[in-house]
Amino acid sequence: MVSTLTWVLVGVVAYTLVAMALKARGVVPDFIRFSGPITTIHTQSGKILLERLARPKRFWRAWTNLGFGVALVVMVGSFLLVVLGAYQAVVNPQPSQLTEPRNVLVIPGVNDFLPLSVAPEILAGFVITLVVHEGGHGLLCRVGDIDIESMGIATIALVPLGAFVEPDEEDVQTADRGAQARMYVAGVTNNFAVALLCLALLFGPVVGAISVVGGVPIGGTLPQSPADEAGIDSGAVITTVDGQPVGNSSDLDRRLEDAGGTVDVGLRNGETRTVTRSVVVNSAVEGSPLGINQTIVAVNGTEVRTTTQFRAATENRSVATFTLDDGETVTTPVGGYAVVSDDGPLAAEGAPTDQPLYITSVDGQRTPNASAVFRSLSGSEPGEQVRITGYADGERQVYEITLTERSDLDPGIGVQYVARGTSGFTINDFGIQAYPANTFLALIGGDPAEETRFDSLSFPQLVGASIALPFATAALGFQYNFAGFTGIATNFFTVSGPLSVLGTEGVFLLANLLFWTGWINLVAGQFNLVPTYPLDGGHILRVCSESVVSRLPISNRRRIVTTTTLGISLAMIGSLVFIIAAPQLLG
């Protein structure tokens, strides 16, 4: 099947060929200009409007003076962020979705993080971003008495790429540095203002009208899991288990803890699904005795159908035999699966570093899984003596060690990590992946139905978090991204209050428009302040450099300015290329 990106590339090539043919025949009007697939449309319209809007010159100067201070802070932060990103891409070139070339393109359906379902809102936000950005440049041109040669929009094929204002170069050269700086900073100042306005409206009255529906929202089910086999699909909401109400994930866990091997699950749409539970491996590290999607039916001959039964069967057994649904049996130590560090206390006592160590007890306390290993050492301090019992290469081993400093991966015993779950694998007897509706609502300023760790974020923190929401899987470690109230997410939220007169779809549309308009303005403002040409940050860098160098008692000031701006610009361009290319080439 041909990918969306392939069709886009074919369309761009076809558009370029047609544009070149029309240009060669001389049938293209002068105000349309082609440069490969990039098209610019020039106009003189709008100059009179800009002239009128620019009349309160004192206000616009004050406005951009304020923006200039903000821009300098963001420029420095952007510089450090790009350089650090390039450094990390070289020393640790791990490919990720964020660095894939197609995800650099802000095209819904091509970019993995931008779904087609919100393409109209993204396009609207993009248009608003261009208008306020280039309108700001135009306004401050007239405030600084700089003439405008033309204005217009730029596209790559038929996809909007940006807008532009062409100031008269002679007027720019003769204008004082203050006028130049205000002109260059006007666009990003407007972008940040629009972003804050949109996000304030979103986080305030709009999200205030939205709440999470009762029950457990389902983002998806694990393949071949009991819930998958029962036909519980993504987008469903579980409201009852065996007739008992379920308000949230904690309620569901409690109901399942007490339920038997077969449960009747009620959904919000009124349907009921019968789920026959079984213990299925849903994740496993390399080298684990069991693999993903294998089903455990018995432990040491005792039937197990739930995780509660599995825990009871393995709680006091350092070694157990698992019977799988295909009749195969696997005998393995039952404990925390640890990879020993080369230079830690365990290695010093002879623990192997080339194979896993199954930690089955700590000072006589049974540790059937990774959580138990960390819990057994939670009250210990560096320098204390502990006895670690485990299995390596099938043999029982005992190590007397002295604890070191603990970390998130090592409880102080000298391991690289302890894999999640039991013996390197995790299990599930139901198989749903809950959608974090309450968490997403909290991250956009809403009032979630249950407590989350993001409930007390300030407005600036919420603004920062909103940038990461479309990339939540890659940036925040979530299972799902949040592109707004779209797709299956519309099943998990409801609307109430005065704004409900707009209807559920109307409120969701308004929320999506505010979210994407604010998001695009915020990202566009920050990106434009990367100090490199042809971005605004490059022009601001030049003006600032000229202002500083002009005060120094040196000759060849122009050469120093050129060297400084060109060097930083090349460093930024190179860093951006490394961020995108290095993980693909070196990872």
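Helix α3 (residues 57–91) packs on α6 at about 80 degrees, and their axes sit 8 Å apart. That angle makes α3 roughly perpendicular to α6. This is a predicted model, and α6 (residues 177–208) also packs against helix α16 (residues 536–549). Then there are the cysteines, with a disulfide count of zero.

**α3 with α6**
- On the α3 side, the residues in the contact are Arg61, Trp63, Thr64, Asn65, Gly67, Phe68, Val70, Ala71 and Val74.
- They meet Ala181, Arg182, Val185, Ala186, Thr189, Asn190, Phe192 and Ala193 of α6.
- Sorted by class, the contact of α3 with α6 has ten nonpolar, five polar and two charged residues.

**α6 with α16**
- Here the packing angle is about 155 degrees, with the axes 9 Å apart, so α6 runs roughly antiparallel to α16.
- The two helices cross in a left-handed sense.
- From α6, the contact takes in Arg177, Gln180, Ala181, Tyr184, Val185 and Val188.
- From α16 come Asp536, His539, Ile540, Arg542, Val543, Glu546 and Ser547.

**Cysteines**
- Cys141 is buried, at 1% relative accessible area.
- Cys198 counts as buried too, with 9% relative accessibility.

How values were computed:
Residues numbered from 1 in each chain as written. Predicted model: local features only at pLDDT ≥ 70, side-chain atom pairs only at ≥ 80, totals over all residues. Heavy atoms only, no water. Axes fitted to C-alpha atoms, helices over the stretch in contact; angles between N-to-C directions. Helix = DSSP H or I, 4+ residues; strand = E, 2+ residues; numbered from the N terminus. Parallel < 35°, antiparallel > 145°, perpendicular 65-115°, else oblique. Left-handed = near helix turned anticlockwise from the far one by under 90°. Contact = heavy atoms within 4.5 Å. Disulfide = S-S within 2.5 Å. Buried < 20%, exposed > 50% of the residue type's maximum accessible area, 1.4 Å probe, protein only. Nonpolar A, V, L, I, M, F, W, Y, C, P; charged D, E, K, R; others polar.
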